[in-house]
Structure formats: structure tokens, C-alpha cells
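Please read them with the structure open beside you.

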Amino acid sequence: MRERLTNWAGNIVFGAERVHRPHSIDEVRETVAASGRLRVLGSGHSFNRLADTDGDLLSLADLPRTVEVAADRASVRVDGGIRYGELATRLAEEGLAVHNMASLPHISVAGAVATATHGSGVRHGNLATAVSGLEIVRADGELVTLTGDAGAVVGLGALGVVTALTLDVVPAFELRQYVYDDLPAAALGDALDEILADGYSVSLFTRWTGPGIDQVWVKRHDPMPAGDWHGARPADGPRHPVPGMPTASCTEQGGVPGPWHTRLPHFRVEFTPSSGEELQSEWHVPRELARAAIEAVGTLGERVASVLQVCEIRTIAADDLWLSPNYERDSLALHFTWIADTEAVLPVVADIERVLAPLAARPHWGKIFTTAPAVLRDLYPRFDDFAALMRRMDPAGTFRNEWLDNLFG
């Protein structure tokens with residue numbers, strides 16, 4: 001009987017005939033070589049059909065966990081099934097850290113890298129920018145190693161099965177996390193750049209029900225001055241980004257110093273942050289257009305708020321990865337956590353894309369968007385180069401699916 005498998009949010013039911021869960025690299029190679037059509041399933045945190053297939057799905061979750069620190073302690077080699085929470089714990093034991101983490105430590109490293117998933121901070125690149133090497137099983141079962149390949153890192157699972165990654169690491173560090181309530185709208189015009197740069201990572205949370213910002217989460221090395229900050233009030237207790245949700249799942253706030261991996265994510269690894277009853281979208285615009293982007297979405301305030309749980313606004317530094325939304329430009333990201341109602345959400349997604357189109361907004365590959373492939377091609381200067389790389393590494397289309405075929409032709 002076909003195994004009924006869904007993504008984390010439950011909005012995608014995968015069409016795969018079989019799901020493989022190999023326990024070794026040799027098993028991965030054998031499975032790939034015997035498959036005519038195959039996609040890799042990470043932690044299931046994509047919200048579109050990027051990972052879907054009418055062939056086989058392959059999960060790397062049962063591979064032996066690998067965390068091999070290089071002799072010079074500047075990099076670490078990890079397996080293709082490890083999640084950030086697992087990696088962070090092991091690195092912390094070694095006195096090391098990755099430079100950035102996403103809001104959720106529950107996502108897989110390989111999946112986050114393949115979709116250029118974000119971290120936050122004006123000086124920090126997305127998670128994929130830590131990658132210095134990839135080990136990939138090609139369609140014929142051959143295992144190849146790629147180093148310094150800016151085209152292959154954000155690979156959308158289209159080049160092969162990533163069985164291991166080498167990540168740059170840094171010495172472990174401590175951070176403090178502060179939350180402020182009710183940032184006035186005036187601050188977004190007068191001090192937006194200063195606000196976004198005032199920490200290792202800064203996130204603005206809004207429900208678009210008014211002109212201001214509901215919460216600001218600031219993660220930084222040194223203590224914040226006491227009192228109000230740009231007109232926002234210090235929170236009088238723990239906060240969850242979505243008002244009314246239990247705060248126990250959130251990482252410690254109040255300026256208490258702690259290890260990097262207990263402050264960089266918004267959510268604790270030992271908690272499930274939500275039940276998956278949500279959809280997500282995200283768009284990246286050039287950071288110099290940050291005010292224009294916020295104002296553009298603000299014109300849709302009531303319409304967005306009607307299907308929104310919360311929106312997070314953050315920054316990401318530029319990189320040179322071909323399919324990264326942050327390719328060659330410092331970016332502002334607007335991340336939307338929607339209610340779990342695809343029919344109601346999609347028209348609002350289209351409206352946001354319409355108002356952000358003049359700002360060259362690039363969508364997150366693993367989230368909900370409707371931007372036409374021809375438009376995406378114009379947004380990515382190396383789009384055609386990646387398509388050529390994909391066809392060269394996988395000429396038979398073993399790792400292709402309908403989603404990729406629609407995107408690249």
C-alpha cells in the first residue's frame with residue numbers, strides 16, 4: 001500500500017509511489033541508481049510542491065549522524081539528514097558555532113541550504129553561505145564532491161542527493177535576546193536602517209492591523225540600554241511572535257545571556273513550536289528599498305491581516321550563490337505566516353506579489369508564491385546558468401519533477 005505522506009503543514013500530500021529510508025551511503029547510491037524519478041525529502045518544511053514527485057521519495061533521516069570537525073576547527077562535515085538543533089548541540093560541545101540559524105532549529109541542514117533559507121542580520125548571509133563543500137550522489141549512483149561551487153549550493157534538490165555538507169564554523173559565542181512592544185510607525189521612516197542594524201539579528205513582527213510594529217526581537221552581544229528603544233517599550237514578560245500562543249516554546253528573552261544556539265532561533269529545539277496549522281510565504285527585496293516594501297504591503301493592510309497569523313521582517317546580507325534570493329544584494333525579507341486556508345491565502349499572495357513587483361521581489365523557493373517562471377528568470381542573473389548546470393549534472397531528469405519542469409522548462 002502506498003504510504004500517505006504529507007509535508008509538515010499538511011497542505012501537500014506527496015504523490016510518490018515509494019518512500020525510501022536508507023541507513024548508509026551505499027544504500028543511497030543503490031536506491032538512486034535504481035530509480036527513474038526521485039526527489040529527496042528533508043524535514044518537510046516546504047509549503048509548495050518543490051519536494052513532490054510521481055516517482056520515489058528518499059529520506060536521509062536514518063543516515064548515521066555525522067559531525068566531523070576539521071583539524072583547523074574552521075569547518076565541520078555533516079551528514080545530509082542532520083537537523084540544525086542536532087548540529088547546534090554537537091557544535092556547542094566543541095566550543096564552535098554556525099554563523100546563523102533560522103527561526104526553527106527543527107529544519108534539516110541540507111533542505112535549508114538547498115532553498116537558501118534565511119537567518120537574520122544585516123552582516124550575516126543566509127544559511128547556505130556557510131557551505132564550502134557538498135557531497136552529492138548523481139543519478140547513476142556515483143558520489144561526487146563539489147567545493148567552491150556557487151551554482152550548486154542552492155540546488156533545489158535538482159542536481160542529486162546531498163549526502164554530506166562541509167560548513168564554515170566560528171568560535172562559540174553568547175547572545176542576549178530582548179523584545180520590545182509597539183514600535184511607532186514614525187520609527188520606520190526615521191530610523192529603520194538604524195533599527196535593523198542594532199544587533200546581531202533584528203526581527204520586526206507585525207499583523208498589519210495598524211501603521212506600527214507589534215514586536216521587535218533584538219539579539220545582540222552586549223546589553224541594551226534600559227528603558228524605551230526608538231519609542232518601543234521593553235516587554236514586561238516573555239512573548240511569542242503570534243499573540244496568544246504559549247511562550248514556553250520560545251527561546252529565553254529579557255536580555256539574559258546564553259549560548260548562541262539558545263538565542264539565535266526564536267523557538268527552543270525541545271518544543272514543537274506549532275502544530276503545522278499554517279502556510280508560509282516570503283519575499284526578498286533590495287535592502288535600500290526596505291521602506292518602500294513596507295509601505296507597499298501596508299496598502300494591503302486589512303486584506304493581509306484577514307488571513308495572517310504574523311509577518312516577520314528581517315535582513316540578510318548579500319551573497320554570490322546563483323539561486324539565492326540574496327544574490328548580489330543585501331536584502332530585506334518579509335515573511336508571512338498565514339492561516340491554514342490555501343483558497344483564502346492565494347489571492348492575497350497574488351496581491352502582495354503585485355505591489356512588490358516594482359521592487360524586484362524574489363520569493364523563497366520553498367514557500368507559497370505564484371510568480372511566473374519568466375519573471376523569476378529576469379530576477380536571477382544566473383537563472384539560465386543554473387538550468388544548464390542542472391541539465392549537465394542530471395541529463396536524464398532523474399531529480400526533476402513537475403514543479404521544476406514548470407520553472408525551468
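1. L300 is located in the loop that joins α6 (290-298) to α7 (301-305); helices here are DSSP runs of H or I with at least four residues, strands are runs of E with at least two, and both are numbered from the N terminus. L300 is buried at a relative accessible area of 11%, where buried means under 20%, exposed over 50% and partly exposed in between, with a 1.4 Å probe and protein chains only. Setting aside residues up to four places away in sequence, L300 touches D351, I352, R354 and V355, a contact being heavy atoms within 4.5 Å.

2. As to the basis of these values, this is a predicted model, in which local features need pLDDT of at least 70 and side-chain atom pairs count only at pLDDT 80 or more, while totals for chains, interfaces and linings use all residues. Residues are numbered from 1 along each chain as its sequence is written, and side-chain values use heavy atoms, with hydrogens and water left out.

3. The largest nonpolar core has 118 residues, and F336 and W338 are those with the most contacts inside it; such a core is a set of buried Ala, Val, Leu, Ile, Met, Phe, Trp, Tyr and Cys residues joined through side-chain atoms within 4.5 Å. Beyond its neighbours within four places in sequence, F336 is in contact with residues including W208, W283, V304 and I352. Another core, of nine residues, lies apart from the largest one, and V32, L60, V161 and F399 are among its members.

4. Which residues of helix α2 (residues 84-93) are buried? They are Y84, G85, L87, A88 and L91. Seen down the axis of α2, these residues fall within an arc of 160 degrees, so they line one face of the helix; the arc is that of the directions from the helix axis to the C-beta atoms. Their cover includes β5 (75-79), α3 (109-114) and β9 (161-168). Just after α2, G95 adopts a positive phi of about 75 degrees.

5. Three strands make up an open sheet with parallel pairing, in the order β1-β3-β2, where two strands pair if DSSP finds at least two bridges between them. β1 (18-20) and β2 (38-41) are the edge strands, each pairing on one side only. Between β1 and β3 (residues 56-59) the parallel pairing runs over three bridges, and H20 stands opposite L58 in β3.
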